[in-house]
Amino acid sequence: MMKRLLIGMICLAAASLAQAQVKIEHWTTPAGARVYFVETRVLPIIDVQVDFAAGSAYDPADKPGLAALTRSLLDAGAGDLDEEKISGRLVDTGARLGGSADDDRASLTLRTLSSKPEREAAVELVRTLLQQPTFPAAVLDREKKRLIAGIKEADTRPASIGSKRFMAAIYPGHPYGYHATVESVGRIERDDLVRFHSAYYTARRASVSIVGDLSRAEAEALAIRLTDGLPEGGEAEPIPEVVLPQREKLRIPHHATQSHIFVGLPAMRRGDPDFFPLLVGNYILGGGGFVSRLTKEVREKRGFAYSVYSHFQPYRRLGPFEIGLQTKREQAEEALKVVDTTLAAFLEKGPTEDELKRAKENLINGFALRIDSNKKILDHVAMIGFYGLPLDYLDRYPKEVAKVTSAQIRDAFSRRIRPENLVTVIVAGS
Amino acid sequence: MKPRSLITLFAALAVAGAAAAAPAAPATPATPATPATPATMAAAPAGTYEKTLSNGMRVIVKEDRRAPTVVHMVWYRVGAMDEVDGTSGVAHVLEHMMFKGTRNHKSGQFNELVAAAGGRDNAFTSLDYTAYYQQVPANRLDQMMALEADRMVNLIVDPKEFSKEIKVVMEERRMRTDDKPQALVHEALMATAFQAHPYRRPIIGWMSDLENMTAADARDWYRNWYAPNNAYVIVIGDVDKDEVFRLAEKNYGKIPRRALPPRKPLGEPEQAGIKRLTVKAPAKLPYLAMAWKVPELRNASKDRDPFALEVLAGVLDGHDAARFSKTLVRGSKIAVSAGAGYDGTVRGEALFFLDGTPAEGRTVAELEQALRAEIERVAKEGVSPEELARVKTQIIAGQVYKRDSMFAQAMEVGGIEAAGLNWQDLDTVIEKLRSVTAEEVQEVARKYFKDDALTVAVLDPQPLPEKTEKKTAATGLRH
C-alpha cells in the first residue's frame, strides 16, 4: 500500500487550478437520499459527509444524550466487525472518520485518499457503520461511563456550566435546551440506541455531501453504496417551534477567578429571510473580531476581556444569538454594563454607513477565503444540502451581502433581538 | 469515539480568540485560536523556493494555485524561552502590542486594514518563536507585506495602550490557566521538570510578572529582537515566486540589519532522580501527566532516535487502533482517556509526555503503573510489523491531507525553521520516519524511560463549594 500512496503524492505537483466558484451538483438516490457533489481534482482526496435529521432535537425528553451516544457508537461494532476490527481497518486505509451530533444533525465525515483500493475499503467500512451498527451492550456500558465522567468534570467548569444553563434558559421546554446529564445518560439502554438508529438513520432523512477527486458517475455509485441498505423512512418530522423566553438574569455562584457571561435568545433559523442583514450586522456588532464594536468597547478601550464576541448559530428552528465574554469577577457588573450599553445602542441606531462599508469590504473581498480548501467547501455544501438551501447560495453570498442596507440591519436586529426576551447568565459573578 | 489526549505540546498563544479568525466556523466562538503545533511529521512542499534578502531576512515561497488566496506569515526567532526571570510573558505581551500602533498607523488600524482587504489575521507566541500572519485575497499580498514591514521597525509601545493591553493578557492568563486545573498541572510540570532551562517558565508569564511589567519591558524586547535578520517570511498561495521575491525586496529589503543580543547556551543540569508534584484545584476527575527528558531533533540527516520516539508516540497514541485506546481505554478500561506525545522539533529541550484520566474507581497511581507498563511492554516485546506499518500509513496519508490547508503547510515550514532546521529537511524527516525499524522503537523505549529523567504531576481534585442559583428579573438594558 505504501507505494500506491506515494504515487498519489507525486500527482499533486502536476495539477493546478484556481477555483473561485463552487459548482454543486444535486440528485436523489433511488432510496430517497439527497446527494450534493462538488468535483475538484487538484488533490487526490475525497471528503464525504453524511448528515441525518437525527440530532439532539430528537432526543426523548427524559433521555438527552441519546442522539450523541447513537452517533458516537456507530463505530463500536457493525456487521460482523467488532470495534477493534473497525478501528484497524480504518487505520489501514489511512482514512479518517469524524463527525458528531449537534442539535439538528447527526453527521459522519470521511476523508480518504482517492486511490481506488483505499477509497473502496474506506467507503465499504462507512457503509457498514451507517447501515449495520450493532451497538454492543458492553461497549455502551463503557462509553456511558466515559460520557458520565466527562459530564461530571464539565459540570465543574464555569464555561460549560454557563453554556448549558444559557441554552436551557433561552429554550425553556424545547429540545434545543436539553443537555445530557449524569441521570439522563444513566437511563439510556441499548434498545434506545437500536430504536433511535432504525427510526432516524433513514434514507429520506439523509443528505450525502461529496467533495473531491472523483467523477459524477463515481459519486453516484458512492452515494448509493452508502445509503441503499438504509430503510427509506419518511420525511423528518418537524422540530417544535421555539417559544421565546421571558427576560431574566441568572447568577450561578462559582469559585473561578473569572466570570463567564452569556447574553442572548433564540433568533435565527437556516434559510431565514433576515440572514444577510443579521450576518452583516453581527460582523459589526461582535462577529468581526478586532474591528467589532464589542471588542473595541470591552477589550480595546477597557482591557476587560481577552475574548468577547457575538454570534448567531442558525438551526432548523430559531437558533441562538449569543454574546459571550470572560472577565475578572470583580469587574463583571461593569463589563456587563458595557455589553448592555453597546447592544442597546446598536439596536437603537444600527450601524453607521462607514461600519457598513467596512463590513461589506471584509465579507465580500474575503469571500474566496471561505472556500479555499476542500474541507471548507464540504462544510458549506453539507450545510446547504441538509437545510435545503438554494444550490447557488455560495454564488449569491457576496451579492446578497452587497445589497444589505443599514436600515435593513436595524430593522432585522430590532425584530429579532427584543430586550423583553433577552436572557443573561453570569457564572462566578461578583 | 477515540479518547483524545489532553496534551498540547508547546501550544502557542494567540492574540485573538477564534471569533476574529473564523467567522465562517461558528461552532465554538469563545475558543481562542490554537494554531497547529509544528509537527515533525512533515513533507517539503513541492515547488518551494527561497531567497535571502541583503539584510539577512529569508523569504520562503510556495506556489499553490488552488484558490485566489494567500497566507503571509512573518516568524521571529524569539519566544518565551528567550525571556529572563522577572519579565516572563513579555514575548507574548509584545505580540499583543504589535497591533497597537506604529509611527504610520494608529492603534487598531492594522486590523482594520486587514479586515478591509477581506482578510483574517492573528499572531501567536510559543516557547521558541513569535509569528504573525494574514490570510487574504492573493492580490493583497503587497499591502500585507507593507504593514508587516512597518511594524517591524516603527512600532510605538505607548504606555497608555500598554496599561490596557496588559489587563487583556492577565484576563487571558485567568482564562487559559488559572481557572483550568489541567493547565495548572502542565504549568507546574514544566516548572518542575526544568530547573535551569527557560522552558520552566510559562509562555503566558507568571501573574506576578504580568502585574509588574512595564511598557519599557515590552519596548526593550522589541528593540532587542525585532530585526529582519532575526525573521523569516513565508508565503503560500496563488502567487508567482519571482513576484513575491520582488515584493519582499521592496517592502522588507530596505529595513537595516541590526546586531542581536548574544544568545547564551541554555543547559539543563542532568536530572538525577524522579520528581513528583501535586496540584490541588477544584475539579471532579483526577489527572496525571508524566514527562521524560529525551533527545530533540538537531540533524535531520544523522539523527535516528528522535524519529524512533515519534513513531513510538504513534504506536501508543497515533490513531484509533493505537495501544492506549485499545488497551487502556477499551481493554482494561482503566482510563477514561490516555495520551502520548513527543515533539522533537524544538529549539530547547524535548520531553516525551504521557497523560491520562483514570476511570471512576481507579486511581492515578494505578493509571501511572498502566502507562509505564505500556512503555515496558514495548521495551520488552517490541512492536509488530503491522503496528509499524499503521503508523507509517498515517504519516503518509497525513501528508496528502495536509495539502488541503495552505495555513497548515505554512505552519509546518515555520515550525521546522524555528527549531533551527530547514524547510528542505521536511522531506528528509518523512523519509527518516518511514525508515524507522521495530528494533529502533524498542531500543528508544528501553533507553530513555528511566525514572531519573522523569517528572510526574498529579491533579488532586478538590470539592467545589456549594452553589445556589439566583434568579432576578433583569433590569438595566435601555432600549
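Biologist: Which residues of H4(A) meet residues of H9(A)?

Modeller: From H4(A) they are Arg119(A), Glu120(A), Val123(A), Glu124(A), Val126(A), Arg127(A), Leu130(A) and Gln131(A), and they meet Glu218(A), Leu222(A), Arg225(A), Leu226(A) and Thr227(A) in H9(A). Contact means heavy atoms within 4.5 Å. By class, the contact has five nonpolar, two polar and six charged residues; Ala, Val, Leu, Ile, Met, Phe, Trp, Tyr, Cys and Pro count as nonpolar, Asp, Glu, Lys and Arg as charged, and the others, Gly among them, as polar. This is a predicted model, in which local features need pLDDT of at least 70 and side-chain atom pairs pLDDT 80 or more, while totals for chains, interfaces and linings use all residues. Residues are numbered from 1 along each chain as its sequence is written, chains are lettered from A and ligands numbered from 1 in the order in which they are written, and side-chain values use heavy atoms, without hydrogens and water.

Biologist: At what angle do helix H4 and helix H9 of chain A pack?

Modeller: H4 (residues 116–131) and H9 (residues 216–227) pack at about 35 degrees, with axes 8 Å apart. Axes are lines fitted to C-alpha atoms, for helices over the stretch in contact, and angles run from 0 to 180 degrees between N-to-C directions. Helices (H or I, at least four residues) and strands (E, at least two) are DSSP runs, numbered from the N terminus.

Biologist: Why is the pair Glu220(A) and Arg216(A) called a salt bridge?

Modeller: The closest N and O atoms are 2.7 Å apart. A salt bridge is a side-chain nitrogen of Lys or Arg within 4 Å of a carboxyl oxygen of Asp or Glu, so the pair qualifies. Both residues lie in helix H9 of chain A, four residues apart, about one turn of the helix.

Biologist: How many salt bridges are there between chain B and chain A?

Modeller: The count is eight. One of the pairs is Asp404(B) with Arg111(A), whose closest N and O atoms are 2.6 Å apart. Helix H13 (residues 385–402) of chain B gives the largest share of the side of chain B that touches chain A, 11 residues. That side divides into 40 nonpolar, 18 polar and 32 charged residues.

Biologist: What area do chain B and chain A bury between them?

Modeller: About 8600 Å², 59% of it on carbon and sulfur atoms. Buried area is the accessible area (1.4 Å probe) that two parts lose on being put together, summed over both. In the contact, 90 residues of chain B face 97 residues of chain A.

Biologist: What makes strand E9 of chain A and strand E13 of chain B a pair?

Modeller: Two strands pair if DSSP finds at least two bridges between them. Three bridges join E9 (residues 248–252) of chain A to E13 (residues 470–472) of chain B, so they pair, in the antiparallel sense. Lys249(A) has Thr472(B) as its bridge partner.

Biologist: Which strands are the edge strands of the seven-stranded sheet in chain B?

Modeller: The order of this open sheet is E1-E5-E6-E4-E7-E3-E2, with mixed pairing. Strand E1 (13–14) and strand E2 (48–52) are the edges, since each pairs on one side only. Further in, E4 (residues 69–76) and E7 (residues 231–237) pair antiparallel over seven bridges, and Met73(B) has Ile234(B) as its partner.

Biologist: Where does helix H9 of chain B lie?

Modeller: Helix H9 (residues 241–252) lies across E2, E3 (58–63), E4 and E7 of chain B, at about 150 degrees to E3(B).
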